Amino acid sequence: MKIDLNMRHVEAFRAVMISGSVVGAAKMMNVTQPGVSRTIATLELRLGYALFERKGRRLVPTSEAEALFREVEQLYMGIDRITQVAYDIRYHRAGALRLAALPALAHWLVPSVIAQFLAARPRVRIFVQTLPSTQIAELVATRQFDLGVVELPMSKSGVDVKPLPAAPIVCVLPAGHALSHTREITLSDLAGERLVLPSPQSYLRYKIDDSFNQLGITPQIVAETPTSPMICALVAEGAGVGLVSSWTLTPSIDKRLVQRRLAGTLQSQYACLRPEGVAPMVLADEFEDFLRARMEKAPSS
């Protein structure tokens, strides 16, 4: 047979168990003493057994009441947990963020921002995946990711594009290379050098080739790769001299490498992508703010 209980019965029972009296329970619940007495009496009637023995002004719980109270406390612990989660969501300390980023930026920049972001949000979870810009744009447009970090230019329907601060291109040399003693390297300095460059499909490579063409230089390219960490690895092994975005180098650079400023206006440009036409997502907004603030500083800072 089903017992008809409601939260008022449970609340009154718990208050009596905690306070030990009807008077104390009435104060806890901010109701009258007769109201508590009637609620407890109704509860006992519906349960079919006594919950308390009356000893003067005190109510002594029966063994049945003790067993019921253990279950009630589990319920209230669950409510407390829900309350905490609701509080964390309100103050953006809980939830989940689905993030896709370029492999070049996932070498250290994105992980460092994620760690900083999570430090103040202990209940937030982030799922992060590294993909090429075109795939990121497709997955963000279909709302499989909340936020994407891509290389510009980007033309894709279904996404909002917000450019991030531009980053200078740097020259990466093997330690001991003749140009490593130069504080700033020009593209003219690289004429005749064996070069390791981004793949021809990247926009950065297009700008590098265009800059060489304007100077009338035919670069001696010995290796091409879409990933900046691979460029650095090849340079470290002595394959040649590389050109990469400053954000792709870790602050603690490989001791086999030397990085130098590249003169001129060559820059890499990145952006954050959001699904178009969806409600603003606070966690995505805040992560983008963290990333933007980090990129406004020098890469080595």
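Q: How does one read burial, and is Thr225 buried or exposed?
A: Burial is read from relative accessible area, where buried means under 20%, exposed over 50% and partly exposed in between, with a 1.4 Å probe and protein chains only. Thr225 has a relative accessible area of 9% and is therefore buried. This is a predicted model, in which local features need pLDDT of at least 70 and side-chain atom pairs count only at pLDDT 80 or more, while totals for chains, interfaces and linings use all residues. Residues are numbered from 1 along each chain as its sequence is written, and side-chain values use heavy atoms, with hydrogens and water left out.

Q: Where does Thr225 lie, and which residues does it touch?
A: Thr225 belongs to strand S10, residues 220-225; helices (H or I, at least four residues) and strands (E, at least two) are DSSP runs numbered from the N terminus. Leaving aside residues up to four places away in sequence, Thr225 touches Leu197, Pro198, Ser199, Met230 and Ile231, a contact being heavy atoms within 4.5 Å.

Q: What are the surroundings of Pro275, and is this residue buried or exposed?
A: Pro275 lies in strand S14, residues 270-275, and its relative accessibility of 9% is why it counts as buried. Apart from residues up to four places away in sequence, it touches Val140, Arg143, Phe145, Asp146, Gly158 and Asp160. For Pro275 and Gly95, the separation is 180 residues in sequence and 18 Å in space, C-alpha to C-alpha.

Q: Which residues of helix H6 are buried, and what follows just after it?
A: The buried residues of helix H6, which covers residues 133-141, are Ser133, Ile136, Ala137, Leu139 and Val140. Just after H6, Arg143 takes a positive phi of about 65°, although this residue is not a glycine. Arg143 is found in the loop between H6 and S5, and it counts as partly exposed because its relative accessibility is 47%.

Q: What backbone features are found at Asn30 and at the bond between Leu152 and Pro153?
A: Asn30, a residue other than glycine, has a positive phi near 60°; it sits in the loop between H2 and H3 and is exposed because its relative accessible area is 71%. Leu152 and Pro153 are joined by a cis peptide bond, with omega about 5°, and Pro153 lies in the loop between strand S5 (147-151) and strand S6 (159-163).

Q: How is the packing of two helices described, and at what angle do H1 and H3 pack?
A: In general, two packed helices are described by the angle between their axes and the distance between the axes. Helix H1 (residues 7-19) and helix H3 (residues 33-47) pack at an angle of about 110°, with their axes 9 Å apart; axes are lines fitted to C-alpha atoms, for helices over the stretch in contact, and angles run from 0 to 180 degrees between N-to-C directions. H1 and H3 are therefore roughly perpendicular to each other, given that angles under 35 degrees count as roughly parallel, over 145 as roughly antiparallel, 65 to 115 as roughly perpendicular and the rest as oblique.

Q: Which residues make the contact between H1 and H3?
A: H1 contributes Arg8, His9, Ala12, Phe13 and Val16, and H3 contributes Val36, Thr39, Ile40, Thr42, Leu43 and Arg46. By class, this contact of H1 with H3 has six nonpolar, three polar and two charged residues, where Ala, Val, Leu, Ile, Met, Phe, Trp, Tyr, Cys and Pro count as nonpolar, Asp, Glu, Lys and Arg as charged, and the others, Gly among them, as polar.

Q: At what angle do H2 and H3 pack, and which residues make the contact?
A: Helix H2 (residues 22-29) and H3 pack at an angle of about 105°, with their axes 8 Å apart, and these two helices are therefore roughly perpendicular to each other. The contact is made by Val22, Val23, Ala25, Ala26 and Met29 of H2 together with Gln33, Val36 and Ser37 of H3; by class, it has six nonpolar, two polar and no charged residues.

Q: How many aromatic pairs does a search of the whole structure find?
A: The search finds seven aromatic pairs; rings of Phe, Tyr and Trp (its six-membered ring) pair if their centres lie within 6.5 Å, and planes under 30 degrees apart count as stacked, over 60 as edge-to-face and the rest as tilted. Phe117 and Phe287 form an edge-to-face pair, 5.4 Å centre to centre with 80° between the planes. This pair links distant parts of the chain, 170 residues apart, with Phe117 in helix H5 (residues 109-119) and Phe287 in helix H9 (residues 282-295). Phe117 counts as buried at 0% relative accessibility, and Phe287 is buried with a relative accessible area of 0%. Phe117 also forms an edge-to-face pair with Phe290, 5.5 Å centre to centre and 90° between the planes; Phe117 lies in helix H5 and Phe290 in helix H9, so this pair ties together parts that are 173 residues apart in sequence.
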